Amino acid sequence: MTNLEYANQIIQEFKEKIDHPQRFEQKKKLYTGVDLGTAYIVLAVVDEEGNPIAGAMRFAQVVKDGLVVDYIGAVDIVRELKAKIEDDLGVELLTAGVAYPPGTSKGDQKAISYVAEAAGFEVVTTLDEPTAANNVLKATNGAVVDIGGGTTGIAILKDGKVTYVADEPTGGTHFSLVISGARKLPFEEVEKLKLDQTKHSELLPAIKPVIQKVASIIKSHIQDRNVQKVYLVGGTSCFTNIDKIIETELGLAVIKPKNPLLVTPLGIALGAKKVYE
Ligand SMILES: Nc1ncnc2c1ncn2[C@@H]1O[C@H](COP(=O)(O)OP(=O)(O)OP(=O)(O)O)[C@@H](O)[C@H]1O
Ligand SMILES: [Mg+2]
């Protein structure tokens with residue numbers, strides 16, 4: 001199995017557990033990944049063998065680029081998602097990992113941990129997001145590009161370690177603003193519209209310049225850094241054919257796993273599990 005096949009398979013299993021929750025009858029330990037994003041809060045649960053067991057997510061604007069802007073709101077949502085999963089599984093979730101965007105200050109990283117702790121988790125690891133994503137991607141060299149809601153994060157890997165990071169303020173929110181202007185639709189409606197893959201081809205002309213902007217941001221960070229491959233993660237990478245456009249702009253191989261939105265949360269859960277290996 002290639003690394004991409006592994007990533008696609010585990011993401012697919014995770015997606016199925018989100019869509020069709022099942023009770024958990026085994027005596028295995030569970031590890032949760034708590035991903036506090038600008039657009040989504042996602043919880044991912046894996047067992048001690050790294051199998052995806054459950055997940056839940058909610059659109060929320062309580063964190064902005066790794067900065068917790070609504071602490072109480074964030075705690076409430078994490079608690080609610082935790083309770084939902086516990087109810088589905090019939091088991092209590094105890095152990096968690098959290099992640100922060102690269103470049104976040106120590107204080108902001110702590111705030112992210114405090115949210116998970118206040119929601120009832122014991123936080124056993126705090127990872128940077130690309131390192132978490134790479135628990136799923138298992139890339140040794142290349143760039144992990146996280147096109148999220150608020151920002152695009154770029155992390156360059158050498159021999160499996162992050163050696164360079166950058167975060168630039170262009171992301172899915174900008175895609176939404178452009179579509180909102182072109183279609184004369186409220187932002188919230190555009191956020192829903194974007195989730196419908198069948199609408200992507202008709203939205204593409206409006207957002208193509210924004211995708212090209214993202215590509216030029218990526219290019220400015222990876223050039224002269226000996227990058228041969230680019231891995232796309234983050235919700236905005238779900239856009240149909242965004243990988244093809246970026247590939248053309250960069251002239252490099254661009255790899256997009258199935259459902260890039262779920263890579264980082266799942267990788268955080270795997271990171272929490274790793275603490276006990
Ligand atoms: N299927 C989809 N197609 C296109 N865009 C999508 C899809 N699903 C989610 N998005 C967009 O992805 C963005 C959210 O991605 P993600 O959850 O990775 O961001 P985040 O982690 O919350 O934000 P950030 O990383 O900037 O803090 C939103 O702008 C959302 O509209
Ligand atoms: Mg994110």
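**Ligand 1 and its surroundings**

Q: What makes the approach of Gly235 to ligand 1 a polar contact?
A: An oxygen atom of ligand 1 is 2.8 Å from a polar backbone atom of Gly235, and a polar contact is a pair of N or O atoms within 3.5 Å, so the pair counts. This is a predicted model, in which local features need pLDDT of at least 70 and side-chain atom pairs pLDDT 80 or more, while totals for chains, interfaces and linings use all residues. Residues are numbered from 1 along each chain, chains are lettered from A and ligands numbered from 1 as written, and side-chain values use heavy atoms, without hydrogens and water.

Q: Why does His200 count too?
A: A side-chain N or O atom of His200 is 3.4 Å from a nitrogen atom of ligand 1, so this pair also meets the limit. The protein covers 94% of the 650 Å² of accessible area (Shrake-Rupley, 1.4 Å probe) that ligand 1 has on its own.

Q: How do you know that ligand 1 lies between domain 1 and domain 2?
A: Domain 1 (3-134 + 262-274) and domain 2 (138-257), with bounds from an automatic or database assignment, both give residues to its shell, so ligand 1 lies between them.

Terms used
A polar contact is a pair of N or O atoms within 3.5 Å; within protein, one must be able to donate a hydrogen and the other to accept it, and residues adjacent in sequence count only if both atoms are side-chain atoms.
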